[in-house]
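Please open the model in a viewer and keep the selection tool at hand.

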Amino acid sequence: MDILYSIFIDPFVQMGSAPDLLVQTLWEGLVSGVLYALIALGFVLIFKASGVFNFAQGIMVVFAALTLVGLYEAGVPAILALILTIAVMFLLAVGVERLVLRPLVNQPDIILFMATFGLTYFLIGFGELVFGGNPKVMITDELYLPRGSVEFEMFGGFVSLQKIDITAAIIASVMVAALAVFFQKTRIGRALRAVADSHKAALSVGISLNQIWIIVWFTAGIVALATGIMWGARSEVSFALQIIALKALPVLILGGFTSVPGAIVGGLIIGVGEKLGEFYWGPLVGSGIESWLAYVIALGFLLFRPQGLFGERIIERI
Amino acid sequence: MFYREAGQFKTNYAADMAVFPILQDKIGIAIILALALVVIPLVGNAFFLSVVMIPFLVFALASIGLNLLTGYTGLLSLGTAGFMGVGAFACYKLTTIFPEVNIIVWIFASGLFSAAVGVFFGLPSLRIKGFYLAVATLAAQFFLQWCFIRIPWLYNYNVSGAIEVPTRTLFGIPVTGPNASPEMRYYVVLGLVILLTWIASNLVHGRIGRSWMAVRDMDIAAELMGIKLLPTKLLAFAVSSFYCGVAGALMVFLWYGGAEPEVFSINQSFLILFMVIIGGLGSLIGSFFGAALIYILPIVLRGAPSLVGLDIGAATVEHLTFMIVGALIIVFLIVEPHGLARLWQTGKQKLRVWPFPY
Amino acid sequence: MVRKLSTILATAIVASAFALPAKAQDSIYVPLFTYRTGPFSGSGIPIANGMRDYLTMLNERDGGIGGAKLILEECETGYDTKKGVECYEAVKGKNPVMINPWSTGITLPLIPRAAVDKIPILSMAYGLSASADGETFPWIFNPPNTYWDGLSMIIKYIGEQEGGLDKLKGKKIGYIYLDAGFGREPLPLFDQLARDLGFELKLYPVPADSMQNQSSQWLSVRRDRPDYMVLYGWGALNPTAVKEAAKINYPMEKFISIWWPGDDDMRSAGPGGKGFKTLNWHAVGTDFPALQDIQKLVVDKGLSQAPKNSVGEVLYNRGVYNSMLIAEGIRNAQKLTGKTVVTGEDVRRGLETLNIDEARLKELGLEGFAGPIKLTCTDHNGHRPAFMQQWDGEKWVKISEPIEPMADRVKPLLEAAARDYAEKSTGWPKRTEPCDKQS
């Protein structure tokens, strides 16, 4: 009975008795969720337009952040470094399109997936060779990112929101909104959607696939840069950051590979779910369950919707 | 010219369906076996045996395991390292509880534990497909790794939290532990790998293998043709995990000789997936090629600068190794997306018609 | 970049210039396992630099040790057990005098091999704590402390802060750690201390893949409000923990770590890390003749990969300390055997009779750098006291006198663990190596 009590009743008693902690947990969950969603967003963009499951998104996050900080440390002013980093991400997109995607056009998914592994290895080696393997401090102040926290009195306790987390949430929302506008309202956006629907049909109406791929990879690069800045500010800029990119996998699975809103909602569900789980139920089994909880949550959803929450319905024909 | 089957007539079904239908193939495999069994242990030094050959064989075995699942049955798995870990920990528990039983028996038995765990995590595969299935296996990977750290019973409450491999003997000669000679360990690993490869080859050429491939090519069609999906997929998970489990036990007992749970991390799973894809999905010989390329290439690259007399810092060599391996993966995929096994086929075809182009 | 390349080039040229004549004269091969790549490179780089630079300095200043030139070779492990074992096999055939694995994961598989291959292993304050027992592990050395010693010193320090160990009754102490062998090792001692001293122990494990995402652990800290926090972290875990602690306004002076956080970690952690404390057993800074020599003979000449300002940082100096032990082990072996070129077996004896007293430290140009240390055939650790240092926002400042570990509590645990290890590994060899007289 004790076990049942501690599983089904006690966590809710705790939630009720310290609502400020519950609010704080939800907030932390939302923030991690936003950050997971940012990584997942990069995956989704590329998967939608080119059908590539881009494993290199994680290392792109590290690479973008490293380039930014590396340039700054080499004496480039922060804002100029930011612009240069964006230029580097553009070059990377062109390079990937020319050297990896174009020769591999029309290959099975798993081969393209594998090619992005190759890209990951290459970027790890290249990044460490150029910028060195030691961790770097993210230049938050120089980029005019706020520091410190805002605290609210609430339910007899307090809830503290980090300004950098609020900024992350704002930037993520702005980015998603901008992407939505870009996809829906611009000419290139329409072309992107056409490519996502069918490569061949898009080609036949005169859309240049190569150009579209560069644009998508470049966009994913910018998303990676934003992600890198945010994660870097929370911790440090180092190659350990790529581990965190794995957390985007359950998010993607949950939200569906092709849906931008799916990435966001999936990220938030995973973020909140794993924080609540770790905080209220984790102590029952000695904590540290975060590493697999996200996958179990995603698995639970998948059993009911095998194509993810927002994924396109899989219709199988013989 | 070199590789002609002219004059070799098949007079019955069995001969036609043989794994090595041509005389040259039979000679080839005999030469390879002779090389592996006699020449390498004679010529190779301890470094070559214990750093190159034993790990290569262990990885090849794990790749075969994953290939049975991903290449033959079309079920993507990222939990390989977790299943290897189950094998290693099971073997450790078994041999410490029953030390008098021969270690080889326990290595096989540990594969069975791994198979059981694999079946459990394979259950969602009936409903979830493709990359989505990968998440189920990732859940297995992370959950199992958590168990290896969190359940002290698994590592006999060792303070270090690691497996410490005891000395075990075969016919009085130590095969595990520090006193086991590289030659002995090599022979044990080689023997097991040859045996299990032979079994796998028979599996995939038989009814089971064909039902796996039918499921891979289109599972609905396979179902309509009367193949029961759940047992077929679960069997694939079981056999695959068995192979991975044995590979895991071999890895810790005959290669590392002691390991932390950290060695069964997600990176290991990815590494074995690389080997399978680069080697060739759905090809047993490809698993060997893939393991050789992904595992041995970096060792060669790391050793190369000092061989040619260049003195570059160890870290720089490592960075360059990463870059070269990454670039080579992409190049190989561009040259031959179907893996090294297909290159091998093409090569054989070329030899056959040489000196003519077709 | 250009500077880095040129230093690499310079080292390459110098090293190749050495490589030829070195063969002609007496030389000792010292492999250094390092990790300048991978997720833990942040901690690995300064250590590798410190280790390498001290030994290079000996080559430059004294022409090696006792007339034998040191041949240094780095093997990159990337903190990966697989590559570490590969490194071991690669250097094994070149008559190394000792191995410094610099990773607990690599140390563990090497422990049983050491006795067979006759190569001593020096795992400085990491690895298997039980290997401090020289009777069971004649080939393994882990001076100057074990993680158990470290924990007992931290608890003692907390006791001092509270005005006595008995005052800990009813207090709450939180323990945040990397959820791996390293972080879990102190748990039995921690449990026992909690029972005996009457404080409540709260555990906050951080899985290796959540190192940079610790918000739920710190939320739990906020809920439980422990009076003190103890940290056993590594790599990116450290700066993230300090940042998160600052986020929930945890009082930094009550946040105490084992000896691994470095200067880079604290800079990443930002201004919130001011007041954070760690254990340490050696000084920081360069105000020692030996370190001055390193600056002059190695760094200024471009023979080092270390950025100039990183010399004297805590992890750099730890590398120096490690190399000092290597060098003294070799020198002691030369003295014992009378040979110039010593082997692994000789160095094992050299380490076992190591006795670095104040006078010797002064000779080495390291007076006041660290306390004296003496190893014996039974004690391969020394269990040296360590002091508490505090981050003042820019550098580490020593804030306490050396604290003795609780030998009475650590010793039985060590002995039990060593016995346990030997029992579980059937056929674990009895010590046959004779014991040398202390020199």
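Helices (H or I, at least four residues) and strands (E, at least two) are DSSP runs, numbered from the N terminus. The model is a predicted one, in which local features need pLDDT of at least 70 and side-chain atom pairs count only at pLDDT 80 or more, while totals for chains, interfaces and linings use all residues. Residues are numbered from 1 along each chain as its sequence is written, and chains are lettered from A and ligands numbered from 1 in the order in which they are written.

**First stop: chain B**

Select residues 234-258 of chain B: this span is 92% helix and 0% strand, and its end C-alpha atoms lie 31 Å apart. Next, select residues 56-83 of chain B, where the end C-alpha atoms lie 18 Å apart and the span is 75% helix and 0% strand. Both spans are among those that an unreviewed UniProt entry lists as "transmembrane region" in chain B; UniProt positions are given in the numbering used here, feature names are shortened, and annotations may be inferred rather than shown by experiment.

**Second stop: chain C**

Now display chain C, with its 15 helices and 13 strands. Its radius of gyration (taken over C-alpha atoms) is 21 Å, close to the 22 Å from the globule rule (2.2 Å times the number of residues to the power 0.38) for 439 residues, so chain C is as compact as a globular protein of that length. The C-alpha trace of chain C spans about 65 × 55 × 40 Å along its principal axes.

Turn to the contact between chains A and C, which takes 32 residues from chain A and 33 residues from chain C. The largest share of the chain A side, 5 residues, comes from α2(A). By class, that side of chain A has 13 nonpolar, 12 polar and 7 charged residues.

Terms used
Contact = placed C-beta atoms within 7 Å. Nonpolar A, V, L, I, M, F, W, Y, C, P; charged D, E, K, R; others polar.
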